[in-house]
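Visitor: I am new to this structure and would like a close look at a single part of it. Please take your time and connect that part to the rest.

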Amino acid sequence: MENEKFKLQRTLLVVSFVCNNRCKLCGVLSPYYEKPPHFTAEELCRTVSLYFNTVSYVEKFTLSGGEPFLHPELASVVRHLRKYERQFGKLEIITNGKLMMKSELERELVQLKKGQLLIDDYGINTKQCRKLEEQAKAAGIEVNYRIYYGKNAHMGGWFDMGDFSKRDRSAEETENVFRECGVTKKNHFGLFVVGTKGYVCFRSWRTMDTGLVSKEDCQDEYIDFASEESVEEKRKKIKGMQDREKAYGACYFCWGQGQGLRRYPAGEQI
């Protein structure tokens, strides 16, 4: 199996939880950390190498945060990713559009030719978002521009998945939340990578990181790319997450992302 192709649809790597917005319903809680987790370029490049030693090809590899443009060594991470450009279809960087691209980052993305900026416009700095869009397009860098305000807001706005208290519901109801969640559906499966570990979503990482969910009891709910397991064992673990048919430990602390959930205005500041 180690010599066979192992493909994924998407993977998101958190470069830092530091952000220049203070969004009330931030999906990764950036404004709420006393000290937001941050990873150096050396740490991120190591994770990238470990990841592509396991994953043969991924359709979309995303760098996210926080706000990735705040990372002082983001260009170095993109430069390292260029070594693996045959193993991914597109490199995406998600940004809130408050900052322009540094010249070094722009050069790396231009040379890569597979780079794309995903600009999320919350209506609080539209003029600056459009300036960044112009900068990228002038350099020949692809842009995906999402408008998150007004009547035609992307996806109708954000979800409020609630705090991290355990939900007062039956195990059967939690299994229904799992089945209805867009994140856990097989056709949408992707890895959320923090440090050297990949999870099904942010809340899965967070519940384990804070001890709400025991890592020892949930060995099949995450993958550690730095572990001493063989490539075959790591791939089997990821495949098990992809084909999973029962709720994750984090599901008991979440409202999920089902279609029936209320949407809220995105990017409202605290």
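In which strand does Ser64 lie?

Guide: Before turning to the residue, a word on how to read what follows. This is a predicted model, in which local features need pLDDT of at least 70 and side-chain atom pairs count only at pLDDT 80 or more, while totals for chains, interfaces and linings use all residues. Residues are numbered from 1 along each chain as its sequence is written, and side-chain values use heavy atoms, with hydrogens and water left out.

Ser64 lies in strand 2, which covers residues 57-64; helices (H or I, at least four residues) and strands (E, at least two) are DSSP runs, numbered from the N terminus. Ser64 has a relative accessible area of 9% and is therefore buried, a word that stands for under 20% relative accessible area, with exposed meaning over 50% and partly exposed in between, for a 1.4 Å probe and protein chains only. Setting aside residues up to four places away in sequence, Ser64 touches Leu12, Leu13, Val14, Val15, Ser16 and Ile94, where contact means heavy atoms within 4.5 Å.

Leu81 is found in helix 2, residues 74-81, and it is buried because its relative accessible area is 0%. Leu81 and Gly123, by contrast, are 42 residues apart in sequence and 32 Å apart in space, C-alpha to C-alpha.

As for the whole, the protein has 7 helices and 10 strands, and buried residues make up 50% of its 270 residues. Among contacts between residues at least 6 apart in sequence, 77% join residues at least 24 apart. The C-alpha trace spans about 50 × 45 × 35 Å along its principal axes.
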